[in-house]
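This report describes a protein chain from its overall make-up down to single residues.

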Amino acid sequence: MRAMGQVLLLFLAMAAAQESMLNVCMDAKHQKTKPGKEDKLHEQCAPWKNNACCTLNTSQAAHQDASYLYNFNWNHCGAMSEKCKKHFIQDTCLYECSPNLGPWISKVDQSWRKERILEVPLCQEDCENWWEDCQDDMTCKENWHRGWNWTEGINRCPVGAMCQKMKRVFPKPQDLCEKIWSNSYKYTTLSRGSGLCIQMWFDPANGNPNDAVAKHYASSGETLAFHSALTLLLSSALLGLL
């Protein structure tokens, strides 16, 4: 009977770990505590309005060159082209608005957030189109998370850093998608519509395809978030039996 109870405990813990990764918002600077419907979201963030972790104000700020969100300046090496900026706005909308990133949420101890995403599997087309449209735009850094000069209140290139075309800083699409935000994303050869990779943008008329992707990874136990959540829940459950 004791063995059966332990097996039941394991199944319950696994189910709880899976559920905890679905339809959630990160504990970060601008996300809501819980996802929900928004009457309106701005332009490229609009696909998430039926179930979003962002507000209208956040979605509007995501489209500004140096918004109040993080005071981050896309134009640190001259004006970024509109075709390139489109992808960075989509990236920001996904990060701020998506309720489907739970399987890749990781705990951090940073002043501006308590959680981040790590190795979200991006669809191949999304990553390669991002690189293709930005390859001739300019930047002075490979990692955009850290190392900037913030003395003027927005990010400036570090002293001595040279502005170069992105295709020199990021020779391959994989380099751009994985390195620019400290491995927040993972390059894959999986296609949009496969149900196995996260799309940075989607047509809301067909629903949110990332719902199914998050459910797949939460149930498969292929992510660090799953193992961390399961370990915590099992430890709590076992302590409760002692």
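## Overall make-up

Of the 242 residues that form the protein chain, 46% count as buried; the model discussed here is a predicted one. The accessible surface of the protein chain amounts to about 12500 Å², and 54% of that surface belongs to carbon and sulfur atoms.

The protein chain holds eight helices and six strands, and when these are read along the sequence they follow the pattern α-α-α-β-β-β-α-β-β-α-α-β-α-α. Among contacts between residues at least 6 apart in sequence, 65% join residues that are at least 24 apart.

In soluble globular proteins, nonpolar side chains tend to be buried together. In this model the largest nonpolar core has 50 residues, of which Phe88, Trp130 and Trp144 touch the most other members. At least two residues of this core are supplied by each of α3 (82–97), β3 (120–122), α4, α5 (166–169), α6 (173–179), β6 (185–187) and α7 (210–220), and α3 gives the most to this core, with seven residues.

What does Trp144 touch, not counting residues up to four places away in sequence? The residues in question are Phe72, Trp74, His76, Met80, Phe88, Thr139, Met166, Ile180 and Trp181. Phe88, one of these partners, is itself named among the core residues that touch the most other members.

## Helix α3

Helix α3 is largely enclosed by the rest of the structure, because 13 of its 16 residues are buried. Its length can be checked against its residue count: at 1.5 Å a residue, the 16 residues of α3 should span 22 Å, and the end C-alpha atoms are 21 Å apart, which agrees with that expectation.

## Disulfides

How many disulfides does a search of the whole structure find? The search finds eight, and three of them are described here, including the pair formed by Cys25 and Cys53, whose sulfur atoms are 2.1 Å apart. With -90° about the S-S bond, the link of Cys25 and Cys53 is left-handed. Both cysteines lie in the loop between α1 and α2, so the pair ties together parts that are 28 residues apart in sequence; Cys25 and Cys53 are both buried.

Cys45 and Cys93 form another disulfide, with sulfur atoms 1.9 Å apart, and this link is left-handed as well, with -80° about the S-S bond. Because Cys45 lies in the loop between α1 and α2 while Cys93 belongs to helix α3, the pair ties together parts that are 48 residues apart in sequence. Cys45 is buried, as is Cys93. A further disulfide joins Cys140 to Cys157, with an S to S distance of 2.1 Å, and the torsion about its S-S bond is about -100°, so the disulfide is left-handed. Cys140 and Cys157 both sit in the loop between β4 (138–139) and β5 (164–165), 17 residues apart, and both are buried.

Gln44 lies in the loop between α1 (2–19) and α2 (56–61). Is Gln44 buried or exposed? At 17% relative accessibility Gln44 counts as buried, because the cut-off for that class is under 20% relative accessible area.

The side chain of Gln44 reaches the backbone oxygen of Lys86 at 2.9 Å. When neighbours within four places in sequence are left aside, Gln44 is in contact with His63, Lys86, Ile89, Gln90, Cys93 and Trp201. Of these partners, Cys93 is the cysteine that forms a disulfide with Cys45.

## Glu128 on helix α4

Glu128 is found in helix α4 (residues 124–134). Its relative accessibility is 29%, and Glu128 therefore counts as partly exposed, the class that runs between the 20% limit for buried residues and the 50% limit for exposed ones.

Apart from residues up to four places away in sequence, Glu128 touches Pro173 and Tyr187. Glu128 and Leu176 are 48 residues apart in sequence, while in space they are 9.1 Å apart from C-alpha to C-alpha.

Technical notes
Residues numbered from 1 in each chain as written. Predicted model: local features only at pLDDT ≥ 70, side-chain atom pairs only at ≥ 80, totals over all residues. Heavy atoms only, no water. Helix = DSSP H or I, 4+ residues; strand = E, 2+ residues; numbered from the N terminus. Buried < 20%, exposed > 50% of the residue type's maximum accessible area, 1.4 Å probe, protein only. Contact = heavy atoms within 4.5 Å. Areas by Shrake-Rupley, 256 points an atom, 1.4 Å probe, with all protein chains shown as cover. Polar contact = N/O pair within 3.5 Å; in protein donor to acceptor, adjacent residues only side chain to side chain. Core = buried A, V, L, I, M, F, W, Y, C linked by side-chain atoms within 4.5 Å. Disulfide = S-S within 2.5 Å. Expected span 1.5 Å × (residues − 1).
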